Amino acid sequence: MGTDKKISRALISVTDKTGVVEFAQSLVSDYGVEIISTGGTARVLEEAGVPVIPIEEFTGFPEMMDGRVKTLHPKVHGGLLCRRDSEQHMAEAAEHGIQMIDLVCVNLYEFEKTVASPDVTFVDAIEHIDIGGPSMLRSAAKNNDSVTVVCDPDDYARILDEMSMHAGCTTLGTRRHLAAKVYTRTASYDTAISTWLNSYLANEDAGAAGTTAPAFVPPAAFDLHLEKAQDLRYGENPHQTAAVYRFADSFGNFVSSASPLVGAEQIQGKPLSYNNYLDADAAWNAVREFEEPAVIILKHQNPCGSATGEDVTEAYDRAFACDPKSAFGGIIAVNREVPLSLVEHFADVNKQFVEVLIAPSFSPEALERLSKRTNLRVLATGGADGHAQLEARTVDGGMLVQCVDTVDEDHSTFTFPTTRKPTDAEMEDLIFAWKVCKTVKSNAILIAKDRAGIGMGPGQPNRVDSALLACQRAEEACERMGVEAGGFACASDAFFPFRDNVDVLAAHGVTAIIQPGGSVRDDESIQACDDHGIAMVFTGTRHFRH
């Protein structure tokens, strides 16, 4: 027990057939392994000239019920679970004609991929729940003292290399590592099923109650399955250990977007730190609110520079001009491919120190210029599509779960309670400010002019101080850029509790305001706007970021 184990017989049954023919051919031709196989896998192997024993011939029992029952048989599980060092086990196996199976190669029905489709039916999802596959994997993994189990095509070469070095055997260490991988996979698979089914039922219950379910209804229970992406040097501070994990496919449909930060290709630079991840995530989520070319420069979780433009280089120039001092050491997020001109502007013209640059892609010329900044972390996500459905945050003893906040209100539902209505130009700035304000820590005020966020008041304990800070920064930005102050658009992430907010904004040149509305003193704010000739828009939606 615990020694190298020779592989004489293998059972192969895979959904993902990547590399399986070559793997089986090598097992047979190089080591004389007998191959047992099922259904579609058997056909693929036979067509490639690999000798195969069909599962029904091995068990003496036919596949039935549309393939639902084929490997759930004592001759399969007995051959996997039998302890080779137990005289009793071996005697019982011989008595019942059970032959040993030394290697199991199985990957599972594509349940995660199936339920990722928005058009999936309940019946189709259920039919893609694998029963025999996880059962064989778990049996083989449990008996890893004797059985080699593989659930990932990436491990085929590893197994063949080890067999080459050990006369057709695998080592105990390898078998145990592969067994651990199996249990990680089956746990992930069960999590996917549980999460999807609970979500389905929650949405169904909402429909039965006559309500419209949101994009994601938090289910009664779900399990999170995470895979370590990398260890980090430290956490928020050097004395804190840390790591970053990625959501497994089982849960990724809910908590990952189509172009997530964790999973982006890091083209160059030092490993991201804990704080880099937090800031890059905030910047990446912010810039994806825009359909037009946009750039967000973010520092310490707040967008210190934000703008749109005819192209992303113009957007960058305008975003940098918002607050060059705060932009130093920040994160740049871009929602289009990064051209050479943008890199030249931040690296050569502005000589801006940047921690992370994240975008869907980069031109070859941009990458060549970026390579001269070897420490700059450059991330390519492959796209800038959408947001996740769900976000989770741990608290002591549990977790808070909510739908992701996105700025997707229908503008036709906005109301205009003031006497003066916003001009078209003001409305453009208001919508811009409304999208950026979501990313600012509350109490949040964002001042915009010409589709650039030139003044930000984040995280103050009262909204008047936030408004005053945002206006002061906007006036400083105008002076720095040599443009006339005033004509500002203002976004407030939550309602104004008193008219003093409006009075402060009016004194500093704000001519249009967008806010959720909903205060018991809305009439006071409306009257204040009318007193100052300010146009106000109520969105009916709050975007508070605690």
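Which strand is Lys-5 found in? Select Lys-5 to begin: this residue is in strand β1, residues 5-6. Keep in mind throughout that the model is predicted.

**Stop 1: Lys-5**

With Lys-5 selected, show the residues around it. Leaving aside residues up to four places away in sequence, Lys-5 touches Asp-145, Ser-146, Gly-168, Cys-169, Thr-170 and Arg-175. Lys-5 is buried but has no salt bridge. To check this, select Asp-85 as well, the nearest side chain of opposite charge, which is 7.5 Å away. A salt bridge needs a side-chain nitrogen of Lys or Arg within 4 Å of a carboxyl oxygen of Asp or Glu.

**Stop 2: the whole chain**

Now zoom out. The chain has 546 residues, and 49% of them count as buried. Its secondary structure comes to 20 helices and 22 strands. Along the principal axes, the C-alpha atoms fill a box of roughly 95 × 60 × 45 Å. Of the contacts between residues at least 6 apart in sequence, 60% join residues at least 24 apart.

**Stop 3: helix α2**

Select residues 39-47, which form helix α2, and colour its buried residues: Thr-41, Ala-42 and Leu-45. Looking down the axis of α2, you will find these buried residues within an arc of 100°, so they line one face of the helix. An α-helix has 3.6 residues a turn, so residues three or four places apart point the same way. Turn to the other side of α2 to find Arg-43 and Glu-47, which are exposed.

**Stop 4: helices α4 and α8**

Select residues 74-81 for α4 and residues 132-142 for α8. These two helices pack at an angle of about 25°, and their axes are 8 Å apart. That angle makes α4 roughly parallel to α8. To see where they meet, show Val-76, His-77, Leu-80 and Leu-81 in α4, then Ser-135, Met-136, Ser-139, Ala-140 and Lys-142 in α8.

**Stop 5: salt bridges**

How many salt bridges does the structure hold? There are 17 salt bridges, and the tour visits some of them.

Select Asp-231 and Lys-228, whose side chains meet in a salt bridge of 2.9 Å, N to O. Asp-231 counts as exposed because its relative accessibility is 53%. Lys-228, at 44% relative accessibility, counts as partly exposed.

Next, select Glu-289 and Lys-438, where the N to O distance of the salt bridge is 2.7 Å. This pair links distant parts of the chain, 149 residues apart. Glu-289 is in the loop between α12 (274-287) and β11 (294-299), and Lys-438 is in the loop between α17 (424-437) and β18 (445-448). Both Glu-289 and Lys-438 are buried.

Move on to Arg-377 and Glu-355, which form a salt bridge of 2.8 Å, N to O. Arg-377 lies in strand β15 (residues 377-380) and Glu-355 in strand β14 (residues 354-359), so the pair ties together parts 22 residues apart in sequence.

Finish by selecting Asp-152, Asp-155 and Lys-181 together: they are linked in a network of salt bridges.

Terms used
Residues are numbered from 1 along each chain as its sequence is written. This is a predicted model: local features need pLDDT of at least 70, side-chain atom pairs count only at pLDDT 80 or more; totals for chains, interfaces and linings use all residues. Side-chain values use heavy atoms; hydrogens and water are left out. Buried means under 20% relative accessible area, exposed over 50%, partly exposed in between (1.4 Å probe, protein chains only). Helices (H or I, at least four residues) and strands (E, at least two) are DSSP runs, numbered from the N terminus. The arc is that of the directions from the helix axis to the C-beta atoms. Lys and Arg count as positive and Asp and Glu as negative; His and the chain ends are not counted. Contact means heavy atoms within 4.5 Å. Axes are lines fitted to C-alpha atoms, for helices over the stretch in contact, and angles run from 0 to 180 degrees between N-to-C directions. Angles under 35 degrees count as roughly parallel, over 145 as roughly antiparallel, 65 to 115 as roughly perpendicular and the rest as oblique.
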